[in-house]
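Please review the structure shown below together with its sequence. A short briefing accompanies it.

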Amino acid sequence: MSDETLLVVRDLTTTFATGGGDLTAVNHVSFDLARNETLGIVGESGSGKTVLSRTIMGLQPRVNTTVTGSSIIDGFEVVGASENDKRTIWGTEVAMVFQDPMTSLNPVMRIGKQIDEALRVRLGMSRKDAKARAIELLELVGIPSPIERYNAYPGQLSGGMRQRVVIAIALACSPKLLMADEPTTGLDVTIQAQILNLLDELKERLKMSVILVTHDLGVVATRTSRIVVMYAGRIVETGTTREVFHHHRMPYTRALLESSPKVSNKSHTRLVTIPGRPPNLLNLSPGCSFAPRCKYATDQCHTERPELRPSIEPGHTFACWNPLPVNSEATLP
Amino acid sequence: MSSSPNLIVPNVSTLGVKEEPGQPLGLFFWICVFWIGLNLFGAIFANVLPLQNPLYENFNAINAAPGLHHLFGTDDLGRDILARVVYGSRVSITVGLGSILIGYGIGAPLGMLAAYRRGRFDAILTTVMYLLLAFPAIIATIAVLSFWTPRSLLKIIVVIGIASIPLVYRVIRTATLSVATKDYVIAAKVQGATDRRILMKELLPNIAPIALSFFLIGVATIIVLEGALAFLGLSVNPPTPSWGNMINEARTVLSQNIWLALFPSLALCLFLIALNFIGDRVRAHFDVAENKL
Amino acid sequence: MKRLVLLVGIVFVISVGSFYLIHLLPGNPATVILGFGATPEAKAILYKQLGLSKPIYLQYFVWLGNIVHGNLGISFISQTTVSSVIRSALPIDGEIIIISQILAFAAAIPTAMRSARKPDGIVDRILGAGSFTLLSIPPYILIVVLVLFISIKLGVSGTGPSAYVSFGTDWITNLESLSLPAFTLATGSFVVYYRVLRSDLIATLQEEFITMARSKGLSQRRIMWRHAFRPSSVALLGAASVNIGGLLAAGFIVQYLLQIPGLGYTLILAINESDFLVVQGIVLTVSVLVVVINFFFDFIINMVDPRISRE
């Protein structure tokens, strides 16, 4: 592994054994992440992006779950590692920011204590030192009056504040990789921008790599250098943000871009939606998973699954039999 | 509960037995049903079955071990244990069924109505019921039965039955409450369905599994209670056999005759296991929402 | 505060019920209480004491007045006051219950945690089936079996019937004599606590903040005790509240069988000897105790998780 690469994911596959059969939520996903890089993982609900984010760090459920493939974070192979081993990297190498701060914080524990916990258990700090550092962290994430807030319960804070606490906890042990799973969904629009800007700032300051998982293209547009587009558990397109936004080849990507409401649209513009519904992962058809909903689908699309193949610019790959022509552009969000 | 809709949570069971919604109920379930049926059959048709006379005291064969003539042996008065166990099931089953039927007969309709109507009717009734519930039923039963002499099977059934009303009321009311607030009930109301129709068509089928499950468990609990009363001398009078009576009698001759303790105990425990298991399975089988996200 | 009103209300209902018990008996209460051999003078005194000539609702207040002054009447058999009978018997029940609960919790908490961590694993299944079976064995049968095997067959001393001595006299024998009843009650409690805690832990462990705690790199043990147990303990306390209330009553038969002079034994003797005042006194005491215990637990639950009162 080169010095520049922090994360290598190869053929990562996550399968759940459910009552109705085996469900493959993540299907042979591969990509690399360099140090200090920000990657966006985009897709609808049910695309597998959340499961992917957890599987990458080994945080998938322990029961009825099978993971194959490889996910190497700074030399540590996550897949197949025991819980004890994985615990050595959790918090210190890789940390996660969860979607809903109301449920991801322990509601009956003071927030100061929740930050302390990470510091004392993982870094062995004394109680005094941990408290001091925790207050520093609260300040770092922009919480006013951190000394008073230290003793607050999560329920006493606003949504935005809580999310900042979650970020503080994630950063406590200075991880090299930060996984942010829909960090702003569910927050007020105005707060969303604040949190995202905070993340940008912290990423620069602390020299972290960030993976931003979201369904909102607006979030990734300016904050990521590369994007991975997921559908039905697979990567259907990936490349630099610019390339994917301007020169995408896979019709699903186009559809995603078009369905984002744009501020520049006139009022009362109809929202574009993608017709149909996400596929039932228990019952995948043999061809391209998007084919039933794709307006450009051909017969081949329905019968044969397309593999990822490169486009013009290096690093840009997509999976489609009938891709959009190279230089077509969509209107940007 | 987890808020991430994308994360599929695997099914976990409530009893160490793997449960899936709609899964076939399993072999052991049917074995239990069979066992209950067997006991019921024995209780009902005891008279015509080829059994010895349970009251006949044969002084030549006291405390006999199981043998050809007496399949379960005899007790300290020479009476055939097998016959007494079968006849004894009558008492236990009658008390169990009778009492729970009284409890359901009164408690269930009240509970459903209260949950459906809400308002003052519900408030008053529920407060009363909860007050009654706070009074430990066993003590009340012991107390009333010890004072209300002379004892009879009917009195026992009535006392236990009345004591079970508040509990049935609470269970049925809670179950109905959780169903009554569901959208499809409100939808039916909006469509102009009469109350009666809603009660019968929407609510009843949905609380039926819980009601049935609790019914069975109630029978089991009451049978245990009857056994306890027998130990206190508060159950049916000798020489009428009941499982509890027999076990009680067995205590005094424990060193000489373990069969008198063994067989009724086995009969009782097996019956209870079967009842509890069926009750629990029924609940789990229909309760799709439990523990699954 | 609302709870306090409720408490008073329940106690009131109980008192009325207990009061009325005497009147369920056929015949004149005075005759019943004193027996047929009583002299007319004694009957007359009792008549006055209980106010039996007055209408029934006034009788109730006479009775209530007596109760409040601690006068529960005289025990027929022992000729001592009912309240002293109760006072000497009650601590024994208390001891049995305390020991049984310690055993039950000590067994249930670790096992439930183990099962919740690996649901449907081998340990979980065995415990599930085993607890189910235990559930179906009534305590009076279990105690008979235990006495049969441990006391009679194995001859462990001090555990048999009539072996009871008070704590002050000989604490070792005291504990020995109470071990079987405590164990029997503990099994029933264990099953309840195990099931409730396991089920609640499994639910709690699926919550997001547990995954977050995991992602912090905390050990399983820490997650289980510090994060999962706290919310789940609420359900456990609730179960304990209901259970302990019933234990007082359930323990009766077990006591009786081993002739341990707790409230249960005393009650049953009294029933057999038609010592109705004792019966009434015990019924009243136990009922009130049960209710008080329930409220006590409610109070504690409220303290542990203030969210409950907010809901």
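Predicted model: local features only at pLDDT ≥ 70, side-chain atom pairs only at ≥ 80, totals over all residues.

Residues are numbered from 1 along each chain as its sequence is written, and chains are lettered from A and ligands numbered from 1 in the order in which they are written.

**Confidence**
- The model has an ipTM of 0.80 and a pTM of 0.78.
- Chain C has a mean pLDDT of 77, with 75% of its residues at 70 or more; pLDDT is the predictor's confidence in each residue, from 0 to 100.
- Within chain C, helix H9 (residues 208-215) has the highest confidence, at 89, and helix H13 (residues 307-310) the lowest, at a mean of 45; helices are DSSP runs (H or I, at least four residues), numbered from the N terminus.

**Helix pair in chain A**
- The axes of H7(A) (residues 159-171) and H8(A) (residues 189-206) come within 10 Å and cross at roughly 20°; axes are lines fitted to C-alpha atoms over the stretch in contact, with angles from 0 to 180 degrees between N-to-C directions.
- H7(A) is therefore roughly parallel to H8(A) (angles under 35 degrees).
- Residues in contact (C-beta atoms, placed from the backbone, within 7 Å) include Ile167(A) and Leu171(A) in H7(A), and Leu198(A) and Leu202(A) in H8(A).

**Interface of chains B and C**
- Chain B contributes 43 residues to the contact and chain C 47 residues.
- On the side of chain B that touches chain C, H9(B) gives the most, with 8 residues.

How values were computed
Helix = DSSP H or I, 4+ residues; strand = E, 2+ residues; numbered from the N terminus. Parallel < 35°, antiparallel > 145°, perpendicular 65-115°, else oblique. Contact = placed C-beta atoms within 7 Å.
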